Amino acid sequence: MSKPVAKSFGGGKKPSERPSKICPVCKKPFTWRKAWRNNWDTVIYCSERCRSNAK
Ligand SMILES: [Zn+2]
């Protein structure tokens with residue numbers, strides 16, 4: 001559990017190899033984006049809109 005966080009998560013990989021998640025609101029899969037490179041682990045929803053629709 002003391003592993004350092006990868007600096008360039010997703011970097012140098014093919015787009016098809018990027019991680020993806022399913023948005024719990026719209027039930028659609030979404031893939032890793034550069035904007036999330038620092039907080040991908042905490043990203044749950046595909047968009048701000050879905051996040052605000054969550055509750
Ligand atoms: Zn969504």
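Strands here are DSSP runs of E, at least two residues in length, numbered from the N terminus. By that rule, Pro29 lies in strand S2, which spans residues 29-31. The model is predicted. The protein holds two strands and one helix. Their order from the N terminus is β-β-α.

**Overall picture**
- The protein has 55 residues, and buried ones make up 2% of them.
- Take the contacts between residues at least 6 apart in sequence: 24% of these join residues at least 24 apart.

**Before S1: Glu17**
- Glu17 sits in the segment that precedes S1.
- Glu17 counts as exposed because it has 10 C-beta neighbours inside 10 Å, and the exposed class takes in residues with 12 or fewer.
- Glu17 pairs in space with Trp32: the C-alpha atoms are 9.6 Å apart, while 15 residues separate the two in sequence.

**Between the strands: Lys27**
- Lys27 belongs to the loop that links strand S1 (20-22) to S2.
- The phi of Lys27 is near 65°, which is positive although the residue is not glycine.
- For residues other than glycine, a negative phi is what most show.
- Lys27 is exposed, because 9 other C-beta atoms lie within 10 Å.

**Strand S2: Pro29**
- Pro29 is in S2 and touches Ser20 and Ile22, once neighbours within four places in sequence are set aside.
- Pro29 is classed as exposed, because its C-beta neighbours inside 10 Å number 10.
- Pro29 and Cys46 are 17 residues apart along the chain, and their C-alpha atoms are separated by 7.9 Å.

**Between S2 and H1: Val43**
- Val43 is part of the loop from S2 to helix H1 (48-53).
- Val43 has 16 other C-beta atoms within 10 Å and is therefore partly exposed; that class lies between the exposed limit of 12 or fewer and the buried limit of 20 or more.
- Leaving out residues up to four places away in sequence, Val43 is in contact with Lys21 and Trp36.
- The C-alpha atoms of Val43 and Lys21 are separated by 8.8 Å, with the two residues 22 apart along the chain.

**Exposure at a glance**
- Which class does each residue fall into: exposed or partly exposed?
- Glu17 is exposed, Lys27 is exposed and Pro29 is exposed, whereas Val43 is partly exposed.

Definitions and conventions. Residues are numbered from 1 along each chain as its sequence is written. This is a predicted model: local features need pLDDT of at least 70, side-chain atom pairs count only at pLDDT 80 or more; totals for chains, interfaces and linings use all residues. Helices (H or I, at least four residues) and strands (E, at least two) are DSSP runs, numbered from the N terminus. Two residues are in contact if their C-beta atoms, placed from the backbone, lie within 7 Å.
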